Amino acid sequence: MIKKILISQPQPASDKSPYYDLAKEHGIEMVFRPFFKVEGISSKEFRQQKVSLLDHTAVVFTSRHAIDNFFTLAKELRVTIPEDMKYFCLIETIALYIQKYVQYRKRKVFFGTTGKIDGLLPQMLKHKGEKFLVPLSSVHNDDIKSMLDSKGLKHSECVMYRTVSNDFSEAEKKSFDYDMLVFFSPTGVKALKKNFPDFKQGDIKIAAFGPATAKEVEAQGMRIDLMAPSQEHPSMTAALKDYLEKKQINNDKEAASYG
């Protein structure tokens with residue numbers, strides 16, 4: 001029986017989250033507990049990269065973390081971001097987040113449709129004369145750099161934040177009694193093993209979102225019980241709903257056979 005699920009993400013901001021619907025429908029306790037957190041680098045570390053914010057006329061934001069750390073660093077460096085700076089964001093939700101720091105104007109904020117850099121490229125190519133700055137995490141690949149190079153765009157990449165393990169307290173370790181763990185990144189899986197080096201999976205179910213996460217689960221010698229996304233279930237909540245419903249049907253059949 002699955003009665004308590006750990007979701008390795010921050011608690012949803014809205015009480016209309018499908019996770020809460022699932023919890024209510026199946027009488028399950030959902031606990032939201034990120035396994036890692038994002039930290040901004042210091043202004044001293046940033047200076048060592050020899051990148052000047054004001055040498056650029058546009059910024060490419062791949063996440064909200066990138067936005068937060070860009071404006072935090074600008075403040076620490078006492079750099080005033082020009083009014084005519086342009087912002088290119090992977091998706092609209094990231095673009096809207098910019099309002100936290102600057103007035104949102106459509107003529108200087110652009111966004112893609114796919115959530116990937118290739119979906120943003122058409123917008124960037126319309127502004128080929130800009131010099132783009134791409135703030136990144138300390139853990140990244142060269143996919144964005146390669147794509148911008150292939151299109152002849154002027155750009156610089158820089159590290160502005162890092163991902164670190166969000167360590168469990170002793171009290172949390174003692175009360176670690178979940179029937180299912182849900183992971184969304186390889187970093188989260190590694191953080192589990194860091195906090196619980198003697199972790200034994202046993203009957204605990206593990207759900208993994210994305211092929212990289214699944215690969216890390218297997219690399220750590222653990223069993224995957226649920227994978228998402230799939231053609232049938234594009235989100236983790238959809239996959240969980242299907243999994244829990246099938247579990248319920250099996251439990252009912254077992255109960256009937258004993259009856």
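Start by selecting helix α1, residues 18–26: this helix lies across β1 and β2 and runs at about 150° to β2. Helices here are DSSP runs of H or I with at least four residues, strands are E runs of at least two, and both are numbered from the N terminus. Angles run from 0 to 180 degrees between N-to-C directions, with axes fitted to C-alpha atoms, for helices over the stretch in contact.

You are looking at a predicted model, where local features need pLDDT of at least 70, side-chain atom pairs count only at pLDDT 80 or more, and totals for chains, interfaces and linings use all residues. Residues are numbered from 1 along each chain as its sequence is written, and side-chain values use heavy atoms, leaving out hydrogens and water.

Next, select the strands. The open sheet has five of them, in the order β2-β1-β9-β10-β11, with parallel pairing (two strands pair if DSSP finds at least two bridges between them). β2 (29–32) and β11 (226–228) are at the edges with a single partner strand each, so one side of each has no neighbour in the sheet. From one strand to the next, the twist averages 15°.

Now zoom in on β1 (residues 4–7) and β9 (residues 180–183), joined in the parallel sense over three bridges. Here L6 stands opposite L181 in β9.

Finish at K205 in strand β10 (residues 205–209).

Conventions
Contact means heavy atoms within 4.5 Å.
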